[in-house]
Amino acid sequence: MFMTEKAVVGGRRYWMWILCLLGIIGVGFFCYLRQLNYGLGITGLSRNVTWGLYIGQFTFLVGVAASAVMVVLPYYLHNHKEFTRMAILGEFLAISSVCMCMLFIFVDMGQPGRVLNVLLYPTPRSMMFWDMVSLSGYLALNAVIALVTLDAERKGVAPAAWIKPVILLSIPWAISIHTVTAFLYSGLPGRTFWLTAILAPRFLASAFASGPALLILLCVLVRKLTGYDVGAKSIRTLAVIVTYAMIINVFFLLMELFTSFYSQIPASMEHFENLYTGLPGQPSPLLFWGRTSLVLMAVALVMLLVPATRRNERTLTVACAVTFASLWIDKGVCLVVSGFMPSPLGSMTPYVPTLPEVLICLAIWAVGALMITVFYKITLSVREGAEAWIEERPTPPLPAVTG
Amino acid sequence: MRDRGVIYTGLLIFLGLMTFPVWHDLAAGTTSRGPQPILPKQEKQCVAPLAYMRTSHMNLLMDWRETAVRRDVHSYKAFNGKTYNMSLTGTCLTGCHTNKDEFCDRCHNYAGVSVQCWECHVDPKLARRSAP
Amino acid sequence: MKISRKGFLEIGGLSLLAVAGKTAIGALLGKVEAETGSQPGAAPATRWAMVVDPAKCAEKDGCSDCINACNKAHNVPVIKDPQHEVKWIWREPFENALPTQASAYTEKKFRGKAVMVFCNHCDNPPCVRVCPVQATWKRQDGIVMMDWHRCIGCRYCVAACPYGSRSFNWFDPRPYIAEMNPDFPTRTKGVVEKCNFCEERLAKGQPPACVEACKEKALVFGNLADPQSEVRQLLESRYTIRRKPELGTQPDVFYLV
């Protein structure tokens, strides 16, 4: 039923890639064992900056996971047929992203052995509880959808009718996972950087720019490696979606900057100064990251807006990479750390991730890459198989006996 | 089968290594000897009947912890009418089982149980030793 | 009784939904796992609070009696590295602890002087609101309590606290405890801790360790619900301020200015 036999058949390049990923995962796993043994003190976190790379990566990846809705919505709800060959790749990206999110949360916990307490003692007033509920539900939804549609495709039949309402449910659910993640931050009275109503809309806008940008990159890569073409029209349409999302994202950022600097409230300005302009007497490692993110956002926006660079696939690829990088820095690095600077008592504690911390992050990204590789391998094998016999025999075969 | 010798030798070594725990403990007699915890000299009656403590002392401790920490109730009325303060260090270790190594650890080590209680709960012996 | 797979799944799904629905509705209506004897509507018989007199504290420069007493009573590790330190009570410059009161013309007697800060045991605590496993909760007597058995170390409460009162154990604290006190547990790596208003001493009728240790009597502890208590007298006779009152957390720690 899981068609895993398709994932263990591959060429030399495929296996070298898998081996490489397993190596990275192994190194990171070893680092995590050290963290389990010693404690989270092995990271660069501190009493003032208690969340860092792990939670930043989690936040960014929830956005990537939610962005699958940008393909599911037009395809399943509005029957935009150009996404036929792309939809399932988006769903697998979502599944891999959600798994990465859960892993990042797990490695961030001080007492991971007690993780089941979140289920044993449900606490509806805590946003973290709802985050767990929505992420788990989203994973389950997408896993079922992907499995059912791919399985039906392999058998050459249409998927069962009950999958349609499940797919439709996944659309508001995708919005909800990233809204709830934003709620983790935007309801905390002591953290002025996050205490803004626009945080959830900003999250969604940057998600819908970065996720589809990654999907475009993956589709181009897949075509280069396997010849599987999602279709120029789908890439062009998705690029337009990325463009609009990026416009909205930059607009929201400008809104934040206006409110903060026109009101001249120090508590509000401090965070942006720390990120973009620099505070007097406070050397900040974040300054480099904040400014780079801004520059990359501007470059990406221009490249996406100009039709010539957006329609040309080579420049579009660059634009998508720049988009992804700028938003990864903005959300994965700057957002979480900035919330803690300054601390509630006014001190700026710099956060510099340690090597074990970075290696653990890389390992989890490698897990995601491994999942995507295997999923795409299975999908493309199924599709190739389907296309192969369509050329031989126009009539659909009987449902396969083996599952 | 040319490599018969190597294969059988390898299998024998493997089996020997796999069954090491069994024949080692048989030879040393630890299994038949049992854990041998040293009981407290003064007190003869625990906070609960012996049979219950043997099977379920973890449940009693969990119950104590929920009641003492989360419900702020510290007094425990035992089955025999006596009242105790619900405290692992304060009641169990200070009052009766003054030597954790000779009592608690004996059974835990024998059964291969690694409890996390001692990561936080203080062994009074340790505290006395660390005092300047 | 012959039942088809589809039928079984339908019945199973409906049963699960019914059970989950009941639990969910109960939870949403606020019936989370019983906090210590909460009775809505009844006025509390006890409301512990602290009044801090920074002026008295400033009289004895460099004094750490309260900090040392607290560390000793609760096996609080003394970690020199400020990145990973664990502290329940400590001194902060006046401008940091009570920032809205400070200006370029702040009264000389307070400028740069130490103010003792610790958990405020807020009446509307954001840390309690965010904890996903109820490892921290507000007791009926006003103390915001911690259960170190339950804590999963997610540090959401640390992010939520507007006062920086909470510390996380980044590694095993035991090597940093000079003198182990057997009357109180230590904590282990991976859990969050903070001042607990010496609830274990209050249970025995003793005042908090810091209050007892302060020779200048700069820390006054008492029951707000008792009109005759010293804290009530102080609040009614002197001007007091609380930290970050605009956030609506309703701290139970007051500062005399």
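1. Helices here are DSSP runs of H or I with at least four residues, and strands are E runs of at least two, both numbered from the N terminus. On that count chain C has nine helices and ten strands. Keep in mind throughout that this is a predicted model.

2. The chain has 257 residues, and 45% of them count as buried. If you take the contacts in chain C with a separation of 6 or more, 65% come from residues 24 or more positions apart.

3. The sheet I'd look at in chain C is an open one with four strands, in the order β8-β1-β10-β9 and with mixed pairing. Its edges are β8 (219-223) and β9 (240-241) of chain C, each of which pairs on one side only. A helix also packs on this sheet: α9 (residues 230-237) of chain C touches β1 (48-52), β8, β9 and β10 of chain C. The direction of α9 in chain C makes about 110° with that of β8(C).

4. β9(C) and strand β10 (residues 253-256) of chain C run antiparallel, joined by two bridges. Across that pairing, I241(C) stands opposite Y255(C) in β10(C).

5. Over in chain A, how far apart are the end C-alpha atoms of helix α8? This helix covers residues 199-226 of chain A, and its ends are 40 Å apart. That agrees with expectation, because 28 residues at 1.5 Å a residue should span 40 Å. Just after α8(A) comes G227(A), which takes a positive phi of about 85°.

6. On to the interfaces, starting with A and C. Here 32 residues of chain A are in contact with 43 residues of chain C. On the chain A side, α5 (117-120) and α6 (127-155) of chain A each supply at least two residues. The largest share of that side comes from α6(A), with three residues. By class, the side of chain A that touches chain C divides into 16 nonpolar, twelve polar and four charged residues.

7. Then there is the contact between C and B, which takes 14 residues from chain C and 17 residues from chain B. What is the class make-up of the side of chain C that touches chain B? It has five nonpolar, five polar and four charged residues.

Definitions and conventions:
Residues numbered from 1 in each chain as written. Chains lettered and ligands numbered in written order. Predicted model: local features only at pLDDT ≥ 70, side-chain atom pairs only at ≥ 80, totals over all residues. Contact = placed C-beta atoms within 7 Å. Nonpolar A, V, L, I, M, F, W, Y, C, P; charged D, E, K, R; others polar. Pairing = 2+ DSSP bridges. Axes fitted to C-alpha atoms, helices over the stretch in contact; angles between N-to-C directions. Expected span 1.5 Å × (residues − 1). Buried ≥ 20, exposed ≤ 12 C-beta atoms within 10 Å, placed from the backbone.
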